[in-house]
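Subject: Structure for your review

Dear colleague,

Please find the sequence and structure below, followed by a summary of what was found.

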Amino acid sequence: MVLNPSGVSGGDNVVFSPAPMDKSARIYIAGHRGLVGSALWRALRKQGFTNLVGATSSELDLRDRQGVLRFFKQTEPEYVILAAAKVGGILANSTYPADFLTDNLQIQLNVMDAALATGISRLLFLGSSCIYPKYAPQPIKEDSLLTGHLESTNDAYAIAKIAGIMQVQAVRRQYGLPWISAMPTNLYGPNDNFSRTTSHVLPAMIRRYEEAFRAGENSVTNWGTGTPRREFLHVDDMADACIHLLENYDGPDQVNVGTGTDVTIKEVASLVASAVGYEGTVHWDHTKPDGTPQKLLDVSKLTESGWTPKISLEQGLVQTVQWFRDNVHDSRT
Ligand SMILES: NC(=O)c1ccc[n+]([C@@H]2O[C@H](COP(=O)([O-])OP(=O)(O)OC[C@H]3O[C@@H](n4cnc5c(N)ncnc54)[C@H](OP(=O)(O)O)[C@@H]3O)[C@@H](O)[C@H]2O)c1
């Protein structure tokens, strides 16, 4: 595809002014059935937005470059939120690094090139906190990007996400469009991926404890030592933060999105056990990898822009366990 931006040309600046988005604005949420995309859909609907656009991966495979361009021409969105990605936990990332790299590069490239070709002035790209170096000073500031080696279990995925941030920055420089990037910490909530093989630590734990509880088992085994520290943000807070950024933030640097506080994996396991009602013994399998020792985002940039999270981890876990119980047969397994 030859890029031929219809609404923009090199050097044309679109000036961003903070303002609420028009409730009838056409907003395309790429990945609207996923954890983040579905939360965005819910949050925007709840706030009265009436013109949301989405397509499942079977309706539109975002790796199909021509298909993506056609979709943009047909639907003519005004805003694009790029929440579609190949996402997975430590096992999936370390088993399929090539897929995580190429799928994500293709999805990002196709969506952003089509957005540019159709003159989309406002796009929000979602990356991940794994873009930061394994031993970045904690809490991790946005300017730690590209200052050290990545965690090797998810470096391929992280490189794709870093390329996405660069693409946003390059479009800003070359075309003057106010595109932005947000880097969420670990997320959890309704519509999460609870699969045994591809899920992240928290949904995997919820599933494990819930199954042990249901089966009356008297012990569960978790991966690693339980000592790494992690930060968790409820996905409804994440969606709220994305809307806040779209309405209030403009700048080339990615914005960290998190709570600014972390807990050990052991602490989170005990919160999950209490949300589930599980009272058995917990073993830690030290032969399994721990990943990065600590991953806590510095969220001062987001906080200074006027946004703070509202859902506590305890509250969010109780709600998510209930969601999993209600949807276990439909949720990703
Ligand atoms: N989950 C986290 O803890 C976390 C943390 C930090 C950052 N993030 C970022 O947040 C974003 C969303 O993550 P998530 O947790 O919501 O992931 P998710 O629940 O796995 O959802 C991903 C979505 O992407 C869509 N998708 C994947 N491959 C596609 C393809 N080839 N064509 C079209 N659609 C495709 C899927 O569509 P279908 O459902 O239609 O198949 C799915 O709805 C990602 O960029 C991720 O890096 C997530």
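Helices (H or I, at least four residues) and strands (E, at least two) are DSSP runs, numbered from the N terminus. The model is a predicted one: local features need pLDDT of at least 70, side-chain atom pairs count only at pLDDT 80 or more, and totals for chains, interfaces and linings use all residues. Residues are numbered from 1 along each chain as its sequence is written.

Helix α10 (residues 313-327) has 15 residues and spans 20 Å from its first C-alpha to its last, close to the 21 Å expected at 1.5 Å a residue (1.5 Å times one less than the number of residues). Its buried residues are L313, G316, L317, T320 and V321; a residue is buried if 20 or more other C-beta atoms lie within 10 Å of its own, exposed if 12 or fewer, and partly exposed in between, with C-beta atoms placed from the backbone. These residues lie on the same side of α10 because they cover an arc of only 135 degrees around the axis, taken from the directions from the helix axis to the C-beta atoms. On the other side of α10, E314, Q315, Q322, R325 and D326 are exposed.

**Annotated positions**

The unreviewed UniProt entry carries a "binding site" annotation on R208, W223, R230 and D290; UniProt positions are given in the numbering used here, feature names are shortened, and annotations may be inferred rather than shown by experiment. R230 is in strand β8 (residues 229-230) and counts as buried because it has 21 C-beta neighbours inside 10 Å. Not counting residues up to four places away in sequence, R230 touches N186, D262, V263, I265, V268 and K295 (contact: C-beta atoms, placed from the backbone, within 7 Å). D290, in the loop between β12 (281-285) and β13 (294-295), is partly exposed, with 16 other C-beta atoms within 10 Å. Beyond its neighbours within four places in sequence, D290 contacts G224, T225 and P228.

**Nonpolar core**

The largest nonpolar core has 94 residues, of which I81, L82, L124 and C242 touch the most other members; such a core is a set of buried Ala, Val, Leu, Ile, Met, Phe, Trp, Tyr and Cys residues joined through C-beta atoms within 7 Å. Helix α5 (residues 155-175) supplies the largest share of this core, nine residues.

Notes
Contact = placed C-beta atoms within 7 Å.
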